[in-house]
Amino acid sequence: EEVESLVARDIRANPGTDFWYGGVGLNIVGHVLEVISKKKFDILIKTKLLNPLAMRKTSFSNQDGAINPSGGALSTADDYMHFLLMLLNKGKYNGVQVLSENSVNEMMKVQTNASQIKYAPKAASGFNYASGSWVIEDNRNGVATCLASPGLFGTWPMIDFCRGYVYIVFV
């Protein structure tokens with residue numbers, strides 16, 4: 001129902017002309033994945049990502065059981081570190097290729113420039129956006145070397161590909 005209401009809206013801008021941070025695109029992509037895979041998002045994300053990363057205490061369900069791909073996962077610091085380490089290691093976790101290296105490389109590509117960003121959360125102000133994360137540093141060739149994803153309630157994960165570390169602050 002949510003996706004149907006979202007796609008019924010007028011298009012605000014042509015693709016590639018501006019960027020508004022928000023959950024509309026992520027929720028639409030979550031539904032597209034459900035249609036393609038013929039599986040509900042929560043089952044798909046567990047099968048493809050959470051189980052291979054041993055993220056046993058992570059869920060995309062809120063308290064009433066509704067699945068929200070854009071609302072972020074409810075997780076623990078340990079589970080979230082598994083995800084960050086997998087990205088740092090170009091898709092590998094505990095010797096298993098969970099995401100392809102090409103997928104991680106795509107996620108590191110800078111997707112915006114300063115003039116395109118029409119709305120960003122205060123914590124991300126001044127940064128460009130990649131696919132799902134804010135670009136803290138880049139190599140000037142359009143590839144992020146340091147990514148972060150500051151959360152609404154103060155969570156701050158970061159992956160520094162150049163220096164080879166990840167961290168997460170939970171508040």
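The legends below describe close-up views of a predicted model.

Local features are reported where pLDDT is at least 70 and side-chain atom pairs only at pLDDT 80 or more, whereas totals for chains, interfaces and linings use all residues. Residues are numbered from 1 along each chain as its sequence is written, and side-chain values use heavy atoms, with hydrogens and water left out.

**View 1. His-82 in helix α4.** His-82 lies in helix α4, residues 77–88, where helices (H or I, at least four residues) and strands (E, at least two) are DSSP runs numbered from the N terminus. With a relative accessibility of 18%, His-82 counts as buried, the term meaning under 20% relative accessible area, against over 50% for exposed and in between for partly exposed (1.4 Å probe, protein chains only). When neighbours within four places in sequence are left aside, His-82 is in contact with Leu-53, Ala-54, Met-55 and Tyr-93, contact being heavy atoms within 4.5 Å.

**View 2. The buried face of helix α3.** In α3, which spans residues 41–50, Phe-41, Leu-44, Ile-45, Leu-49 and Leu-50 are buried. Seen down the helix axis, the buried residues of α3 fall within an arc of 150 degrees, so they line one face of the helix; the arc is that of the directions from the helix axis to the C-beta atoms. The cover over these buried residues includes α2 (24–37) and α4.

**View 3. The second largest pocket.** This pocket has a volume of about 910 Å³, a volume being the space filled by probe spheres set on grid points that are joined across faces, edges and corners. A pocket is here an open set of points, on a 1 Å grid over the protein atoms alone, where a 1.4 Å probe fits and with protein on both sides within 12 Å along at least five of seven lines, and its lining residues have an atom within 4 Å of a point. The lining comprises 26 residues, of which Arg-12, Asp-18, Trp-20, Val-24 and Gly-25 lie nearest the centre of the pocket. At least two lining residues come from each of α1 (2–7), β1 (19–20) and α2, and the largest share, five residues, is that of α2.

**View 4. The five-stranded sheet and strand β8.** The open sheet has the order β5-β6-β7-β8-β9 with antiparallel pairing, and its edge strands, β5 (128–129) and β9 (165–169), each pair on one side only; two strands pair if DSSP finds at least two bridges between them. Strands β7 (144–148) and β8 (156–160) pair in the antiparallel sense over three bridges, with Ala-148 opposite Met-158 and Leu-147 bridged to Ile-159. Four of the five residues of β8 are buried.

View 5. Five bridges join the antiparallel strands β8 and β9; Ile-159 stands opposite Val-166, and Pro-157 opposite Ile-168. Four residues lie between the two strands of this hairpin, and Gly-164 in the turn has a positive phi of about 75 degrees. In β9, Val-166 and Ile-168 form a covered face, whereas Tyr-165, Tyr-167 and Val-169 form an uncovered one. In a regular strand the side chains alternate between the two faces of the sheet.
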